[in-house]
Amino acid sequence: MGRLKITDTTLRDAHQSLMATRMRTEDMIPVLEKMNRAGYHSMEVWGGATFDSCMRFLDEDPWERLTLLKEKLKDTKLQMLLRGQNLVGYKHYPDEVVEEFVHKAVKNGIDIIRIFDALNDVRNMEKAIECTKEAGAHAQGTISYTISPVHDLDHFVEVAEVLKQMGADSISIKDMAGLITPTDAYDLVTKLKGEVGLPVQLHCHYTSGMASMAYLKAVEAGVDVVDTAAAPLSLGTSQPPTDSIVAALQGTSYDTGIDIEVLAEISNHFKTIRKNYHIPGDIAIGVDTNVLNYQVPGGMISNLSSQLAEQNSSHLIEDVLKEVPRVREELGYPPLVTPSSQIVGTQAVVNVLMGERYKMVSTEVKNYLKGLYGQPPGKIDEELRQSVLKGEEFITGRPADQLEPVLEKSREEIKDYMEKEEDVLSYILFPNVALNFFKRRRGEEPPLAAAAGTGANNKQPAKENLEPELYNINEVDPSLIGSAGDRLVYYPA
């Protein structure tokens, strides 16, 4: 067995999980030199919800953040999280957009792209893997880990084998809800290493309290890399602490070789800056074993609670948590990760609030049932599908094959605001958010108050008005309903 490698998630998933992705670039810069010489295998710094949040809440250009990080982290591989054909958005985009986005991401500094699909539908990852290889970057094919009657170790190995055939350079186990047990981590890593034969990386959230134990068993099974975060931004719904994992393995055959003193300096920085941000106690502290009962990620639970609180219905949280597994089963057991977690969670809330199941459904549920998100791992409840679609056909092919090109049209639409080629991608992914950002960038609109600087303005994150569009399936012509696109609430991926 060789040394264990570490991917640091502090600048992406850690603050996405704990502080709603609100960390400003200016709070990253002072510690980058130390992080660059720490000796990480890679640093996850981009993708996921960071792209959206930079423009929507921080008045920052996500592309400029990436190029700045690359300038400061010259000796460290930069990694991003890509939602397959969804890229960093919440719906599928045409192949031309996937190709342009991936090539621009690599050109601006990304070395490793972790590619996943919410349904583990490999068709939704194939184009991104192909483009990543063409761009000269490392393509990491990803298994979204979950528990259900249709998910077992053999299923995950089958997915990984197809990803290998598609050209994946390594395999990531993405345990977004903290569900994997130490024993299953050992067994899954063992099977992947033995039967697929690619390097394996394990990514766990600490929600259930098992992540560090799962890491240690995975190490014994030969895992190549694990994901951790600087101690002040670890635990809770984030990842295990880098400091602790490195210390636990020091002096063993798995020794990471990372300097604990440098990690302490890095942690001191984040210990200081985290005081400027709001981190809800129920997200950051302790263990939430509800995730084991309902397979609901901790961040998703907090968002469900917020939705209910806005309706003065907090007392219904237990009913919603019981409703989530029912909805998930009827939708074919999708893993609860962006965007399927939003689709399932919001529908569960609506079902409980309405007092009648599926009296209203979100546009996203309708599109999901039409096959526009891909093939779920299990069987969809056919009665539900017919009641929502009302005779409309559903597709069985690759969803992206239904999409028309949009690049040239979008360039024309924002030609007066474009300052660089990447702007058109920002606009395609988040039209309203990007356009408003471009206007603020040119001084046509005032800057966001919440983006004025660190301190009090960041203590309470701006309220996210991203509720999905709803329609009453008994009263509204479905043909009049379009995609809600970027109006979805998002939870940690």
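Predicted model: local features only at pLDDT ≥ 70, side-chain atom pairs only at ≥ 80, totals over all residues.
User: Which strands form the closed barrel, and what is the average twist from one strand to the next?

Analyst: Strands here are DSSP runs of E with at least two residues, and helices are runs of H or I with at least four, numbered from the N terminus. Two strands pair if DSSP finds at least two bridges between them. The closed barrel has eight strands in parallel pairing, running β1-β2-β3-β4-β5-β6-β7-β8. From one strand to the next, the twist averages 30°.

User: Which residue in β6 stands opposite Gly 141?

Analyst: Strand β5 (residues 138-144) pairs with strand β6 (residues 170-175) in the parallel sense, over five bridges. Opposite Gly 141, the residue in β6 is Ile 171.

User: Is Thr 228 buried or exposed?

Analyst: Thr 228 sits in strand β8 (residues 225-228). Among the residues that Thr 228 touches are Ile 6, Tyr 215, Pro 240 and Ile 245, where contact means heavy atoms within 4.5 Å. Buried means under 20% relative accessible area, exposed over 50%, and partly exposed in between, with a 1.4 Å probe and protein chains only. Because its relative accessibility is 0%, Thr 228 counts as buried.

User: How many disulfides does a search of the whole structure find?

Analyst: A disulfide is taken as a pair of cysteine sulfur atoms within 2.5 Å. Cys 131 is buried at 0% relative accessibility, and Cys 204 is buried with a relative accessible area of 0%. Across the whole structure, the number of disulfides found is zero.

User: Are α11 and α12 roughly parallel or roughly antiparallel?

Analyst: Axes are lines fitted to C-alpha atoms, for helices over the stretch in contact, with angles from 0 to 180 degrees between N-to-C directions. Helix α11 (residues 242-249) packs against helix α12 (residues 260-273) at about 165°, with axes 10 Å apart. Angles under 35 degrees count as roughly parallel, over 145 as roughly antiparallel, 65 to 115 as roughly perpendicular and the rest as oblique. The two helices, α11 and α12, are therefore roughly antiparallel.

Methods. Residues numbered from 1 in each chain as written. Heavy atoms only, no water. Lists of a residue's contacts leave out its neighbours within four places in sequence.
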